[in-house]
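Hi,

Here is the structure I promised to pass on to you.

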Amino acid sequence: MSLDIVLILLIDGLSTGAIYLLAGLGFVLVFSVTRVIFIPSGDIAAFAALTLAAFQSRTVPGSIWLVAAMAVLACLAECVTLVRNGSARRLPHAIFFYAVLPLIPCIAGLAIAKQDVPEILRIAITMALILPMGVLIDRLTLRPLATSSTLILFIVAIAVHFLIAGIGLIVFGPEGVRTNPILDGVASLPGGVVVPAQQILMMIVALLLSLVFYLFFGRSITGKALRATASNRVGARLMGIRPERAAAAAYLIASGLAAIVGILIAPVTTMYYDSGFMIGLKASVGAIIGGMASYPITAIGSVFIGILESGASFVASDYKEIIIFSVVIPVLIWRSFAVHRDGDEEIEELA
Amino acid sequence: MSAALLSLEGVHVAYGKVEAVRGVTLKLDEGQITTVIGANGAGKTTLLSAAAGLLPWSGRAQYRGQDLSRMTVEDRVERGFCLVPEQRALFGDMPVLDNLLLGAFVRRHDKAFVRKSLDAVFEQFPRLAERQTQLAQTLSGGERQMLAIGRALMSQPRLLLLDEPSLGLAPTIVRDVLKRVRGLRDQGVSILLVEQNARAALDVADYAYVMDTGEFVLEGAATDMANDERVMATYLGGRIE
């Protein structure tokens, strides 16, 4: 294997790893705050790609109707809960959050779908449309079970994945799509190696978002409140941090990351209605390396998986998936030996 | 009853079919330390957790004249009703300073308030100021207790529920912690103190309830209770004459 090939594989692996990194951070965030292994995040990524592709082909993406229906249902569910709990004074807030905010990009999407608008506007509306999906999925399916065991939440998350993917088949059809590159052109590296600008963009976005993530969780009180909920749920509640709001923030961020993943990957990979599952599954390997808890180790793990995939594709293409998922076994064995328990972390939810 | 800061009337708490608290009635006046003493397993922690909204309960309960039955834990915190649980429930993987700042989460938008609260907590617990960059999980038992109380004080509560603050602490540190609890009362914070260490609790409290197998079996002024033969016999080392 020549140095050129190594370099090409490395860059390919880094850009793939950048995608897994973004998806992996979302996995860790949602799991640490809610104990949900959010399998549907991959589907959200696929929906973002398919939505953008629909806008680019001047058609109305089916995701608009899905998000609108979910928003109406989630708003109804929240209003019924509030009235039952005697918190009717919060109804305007619930209507604004669960119905008005998600419906704005739906309307904007309908308005621009068949128009000739700048690419950046299409991307922005796609982002805004996909952003509430995680929160709406949570409100409709996972929140009512929030105090259930991790296993039940996992089973529900898998069921939601199949549901969303099934809806994806209905609203987008079985055809694969590729979107236009966000950045055209190539960059030439020493030694004659050429790198598509889109791959460089993927790496830069992942780096920048990692930095934003670091600053958000390290500096902002909202980020710290999310970490506190992950660290000790009862303790967080006793500080007035509402778990359902922490969960909503986690799902919002995870959906945002998934939408960025979908938009970044669609110009370089053909996306189908069910492509998100495999992306999510591979990203989860990075998150497992990070123990579903550590953001830095997840980032390193995700990049490692990206490079491993790239190398495996070249050396033993047929065994690529086997090699990647085999990593989980030694990692879990290592993790099981490295488990460190602290007294304060053992406090269970009392109710 | 209406003048009380906190009043519980006929409160029951059950774990499935097992009733851990059976028809308890309690009144806590503003600016007082009220203690609930009793043996391990008497139902004290269950009562406190239910009062804080962490466990489902039945009966009647009011805080500052407002019905508690429809208030969540977080609603209570917003109204100045804070629990320091037996397990401390600290954010172990976060620094002391972040733990404290999160204590003022409900007032997070008022920067001046947070700053003032932080200064007051550091003045009250200078050790926390020295340890502010240290992870909470690396603190000693006494320091953790101080952090748990300091964190609850950050939102400047009106009512503080303290569950076994002496648990796992050396006797000298217990005295120090309880001295500070009395100091909080003097600053106007009302306190509901649950303690197994009856002598220490009666030393600082104004009013006391004795709990046994889920019920209050005795109540009265703390000084009277400290001299009550039945209390002495059961909880203060059996000095019955």
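Predicted model: local features only at pLDDT ≥ 70, side-chain atom pairs only at ≥ 80, totals over all residues.

**The largest cavity**

The lining residues are A:L22, A:A23, A:G26, A:F27, A:F38, A:S41, A:A254, A:L257 and A:A258. Two elements of chain A, α1 (3-34) and α11 (243-265), each give two or more residues to this lining, and α1(A) has the largest share with four. Helices are DSSP runs of H or I with at least four residues, numbered from the N terminus.

The space inside is about 40 Å³, and the structure has three cavities of 30 Å³ or more. A cavity here is a set of points, on a 1 Å grid over the protein atoms alone, where a 1.4 Å probe fits but cannot get out; lining residues have an atom within 4 Å of a point. Points are joined across faces, edges and corners, and the volume is the space filled by probe spheres set on them.

Residues are numbered from 1 along each chain as its sequence is written, chains are lettered from A and ligands numbered from 1 in the order written, and side-chain values use heavy atoms, without hydrogens and water.

**Salt bridges**

Over all chains there are 27 salt bridges, each a side-chain nitrogen of Lys or Arg within 4 Å of a carboxyl oxygen of Asp or Glu.

One of them pairs A:K282 with A:E321 at 3.1 Å, N to O. Because A:K282 is in helix α12 (residues 275-289) and A:E321 in helix α14 (residues 320-326) of chain A, the bridge ties together parts 39 residues apart in sequence. A:K282 is buried at 5% relative accessible area, while A:E321 is partly exposed at 29%. Buried means under 20%, exposed over 50%, and partly exposed in between, with a 1.4 Å probe and protein chains only.

A:R143 and A:E78 also form a bridge, at 3.3 Å, N to O. A:R143 is buried at 18%, and A:E78 is buried at 12%.

Best wishes

Methods:
1 Å grid on protein atoms, 1.4 Å probe; cavity = no way out; pocket = protein on both sides within 12 Å on 5 of 7 lines; lining within 4 Å.
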